[in-house]
Amino acid sequence: MACAGDVNGDGYEEIMICMQNYYPKDNICTSCYDEGAEFVYYGSPAGPSSSPDWKARGDDVWGFMGTYADSAGDVNGDGYDDIIIGTSENTYHAVSHAYVWFGGPAGLGDPGLGGPSTNADWVATNPDPVIDGNWFGVFVSGIGDVNGDGYDDVMVSACCSFLQNQNQYPGKVYVYYGSAAGLSPSADWTATGDTGGSIFGIGGDGVGDLNGDGYDDLAVGAPCNFCLSPDGGHVYIWYGSASGLGDPGNPSNADWVAQGVSNSQLGVVTRPAGDINNDGYADLLVTAANYDVLSPGGVLFGAGAWFIWKGSKNGLGEPGTLFNADIIAQGNQAGAALGMFEAGAGDVNNDGLDDIFVASYLYSDPETNEGAVFGYYSPIKIWNLLYLPSIISSP
């Protein structure tokens, strides 16, 4: 699920729900197994509608449309929010795509059909296919305005191949800048990982303005869950500027880097933390879903953890480690994977400080792997890295 922003300009935000295995039998495609679909529900004074107001669907076998989706912000500056949807495997590990539909007074317009006959307002096709496919479109994100031109920008990831190239392909992200005409037809900026199997780009997002220079910044995660060497994963930050994100990115020219500890999978989720201390600088939220927690009863393998580094006029400061994060919180249950897949921030109690929410999809209480979401209200303390007797607050 994701927030779609306000695509019809009525002051209420919309909800998107992905169904990547969607497969109807109809006259559009009679054998499109797992073509995928995305459903959008418009907001109103009574909340979201009970049935979808708009739908986009793939039209190719194993297309998995809706692998990920996000609000794209307003990429064409018309005052209406837009949406971006990824489809990661059209025709089974061949050409894949990312799609954007523009908002307008009537919302997203006619129902969307993916593939060659798409009515999307913008389509990006995998520019660098490899023999098994590189999962272009498996992760898409609106990243804010990294070049300060008044138009929002988007990122599309090609993070990996899960077949024979899993330990060779390092992953790559593509950034497309917005304009009055919409998004660029080809990527304006790219960044490439430097380690095969690092899953560079599986986590990434626009994280707001970390250094207060008026330009939004970009975070890219490389959690390294298929690495040959268990270095624990990385998070890379590139600061925005009047020229955008600068030269093509790679781990050596990132403006800031954080590194995990062995097998922790740091960077599986990177998100804007909002401004949790109300100092005018955006903060960075990162999870390490496979982090092992040391407790009095022994090691809680794969309990997970999350970390915040606070922004400042100098950005995030010294290179990040799991020992110099400004805020640290750890899981209290082995294998619960605190921070896998989702985390986010917002001010839910209207106190002017953003609050943190983190998913733990394998949490058991009491049902096995029933899952949980935990909320942490600001102000959030700095916690002992070695052991927490419990999650900071109840779900």
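Predicted model: local features only at pLDDT ≥ 70, side-chain atom pairs only at ≥ 80, totals over all residues.

Me: How many helices and strands are in the protein chain?

Reply: The protein chain has 27 strands and zero helices.

Me: And what share of the residues counts as buried?

Reply: The protein chain has 395 residues, and 55% of them count as buried.

Me: What about the accessible surface, how much of it belongs to carbon and sulfur atoms?

Reply: Carbon and sulfur atoms hold 53% of the accessible surface, which comes to about 15600 Å² for the protein chain.

Me: What part of the contacts comes from residues 24 or more positions apart?

Reply: Counting contacts with a separation of 6 or more, 56% are between residues 24 or more positions apart.

Me: Now the sheets. In what order do E18, E19, E22 and E24 sit?

Reply: The order is E18-E19-E22-E24, in an open sheet of four strands with antiparallel pairing. Strand E18 (266–272) and strand E24 (327–330) are at the edges; each has a single partner strand, so one side of each has no neighbour in the sheet. Direction ignored, neighbouring strands of this sheet are turned by 20 degrees against each other on average.

Me: How many bridges are there between E22 and E24?

Reply: Four, and the two strands pair in the antiparallel sense, with E22 covering residues 305–309. To find the pairing on screen, look for Ile308, whose bridge partner in E24 is Ile327.

Me: Which way do side chains point in a strand?

Reply: In a regular strand they alternate between the two faces of the sheet.

Me: Next sheet. How are E25, E26 and E27 arranged?

Reply: These three strands form an open sheet in the order E25-E26-E27, and the pairing is antiparallel. Strand E25 (338–346) and strand E27 (372–376) are the edge strands, each pairing on one side only. From one strand to the next, the twist averages 20 degrees.

Me: What joins E26 to E27?

Reply: Five bridges join them; E26 spans residues 355–360, and the two strands run antiparallel. One place to look is Ser360, which has Ala372 in E27 as its bridge partner.

Me: Back to the start of the chain. How does E1 pair with E2?

Reply: E1 (residues 2–5) and E2 (residues 14–19) pair in the antiparallel sense over three bridges. Ala2 has Met16 in E2 as its bridge partner. E2 is also joined to strand E3 (residues 37–41) by five bridges, again antiparallel. There, the bridge partner of Met19 is Ala37 in E3.

Me: Why does Leu294 count as partly exposed?

Reply: Because its relative accessibility is 47%, and partly exposed runs between the 20% cut-off for buried and the 50% cut-off for exposed.

Me: Last one. Where is Asn76, and is Asn76 buried or exposed?

Reply: Asn76 is in the loop between strand E5 (65–73) and strand E6 (82–87). Asn76 counts as buried because its relative accessibility is 13%, and the cut-off is under 20%.

Me: What does Asn76 touch?

Reply: Leaving out residues up to four places away in sequence, Asn76 touches Asp82, Phe102, Tyr151, Ser179, Ala180 and Gly182.

Definitions and conventions. Residues numbered from 1 in each chain as written. Heavy atoms only, no water. Buried < 20%, exposed > 50% of the residue type's maximum accessible area, 1.4 Å probe, protein only. Contact = heavy atoms within 4.5 Å. Areas by Shrake-Rupley, 256 points an atom, 1.4 Å probe, with all protein chains shown as cover. Pairing = 2+ DSSP bridges. Axes fitted to C-alpha atoms, helices over the stretch in contact; angles between N-to-C directions.
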